[in-house]
Amino acid sequence: QVQLVESGGGLVQAGDSLRLSCAVSGRGLFTYTMGWFRQAPGKEREFVAAIRWSGGSTFYADSAKGRFTVSRDDAKNTMYLQMNSLKPEDTAAYYCAARVGTYVVVPNRYDYWGQGTQVTVSS
């Protein structure tokens with residue numbers, strides 16, 4: 001069983017930066033891939049980024065490449081999403097998720113989810 005708790009969302013202006021955190025509790029994290037997803041009102045949940053807990057390999061959606069960085073701190077059992085040069089179209093609820101095995105971009109392939117944190121970017 002894995003539990004995930006996101007934090008760090010807020011209201012920012014276009015061009016600003018924000019760092020989201022996902023506190024992870026559970027055993028066997030080295031077998032997990034952790035993902036960040038987002039969902040805007042009226043839209044489907046979409047993949048943003050992922051990281052393999054063991055080894056730290058990272059993966060990004062095209063919309064996140066060059067602006068977002070996913071990382072994890074083993075000592076704190078926390079995953080981060082550093083978001084730079086934010087745009088109004090980044091406005092969404094952001095969720096962290098976990099699954100055993102390699103990364104996939106399909107949300108329903110992830111087994112555990114946090115409650116989400118809202119990010120709003122004003123123009």
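Predicted model: local features only at pLDDT ≥ 70, side-chain atom pairs only at ≥ 80, totals over all residues.
**View 1. Strands β1 and β3 pair in the antiparallel sense.** V5 stands opposite A23 of β3.**View 2. An open sheet of 4 strands holds this pair.** The strand order is β1-β3-β8-β7, with antiparallel pairing. Neighbouring strands are turned by 15° against each other on average, direction ignored.

**View 2. Strand β4 is mostly covered.** β4 pairs with β9 (residues 92-100) in the antiparallel sense, over 8 bridges. G35 has A97 of β9 as its bridge partner. β4 also pairs with β5 (residues 46-52), again antiparallel, over 6 bridges. Here F37 is bridged to F47 of β5.

**View 3. β4 and β5 form a hairpin.** There are 6 residues between the two strands. G42 lies in the turn, with a positive phi of about 80°.

**View 4. R67 sits in a loop, yet is buried.** The loop links β6 (58-60) and β7 (68-73). The relative accessible area of R67 is 12%, under the 20% cut-off, so the residue counts as buried. Its side chain makes a polar contact with the side chain of D90, at 2.7 Å. Beyond four places away in sequence, R67 touches Q82, M83, N84, S85, L86, K87 and D90.

Note on methods: Residues numbered from 1 in each chain as written. Heavy atoms only, no water. Buried < 20%, exposed > 50% of the residue type's maximum accessible area, 1.4 Å probe, protein only. Polar contact = N/O pair within 3.5 Å; in protein donor to acceptor, adjacent residues only side chain to side chain. Contact = heavy atoms within 4.5 Å. Pairing = 2+ DSSP bridges. Axes fitted to C-alpha atoms, helices over the stretch in contact; angles between N-to-C directions.
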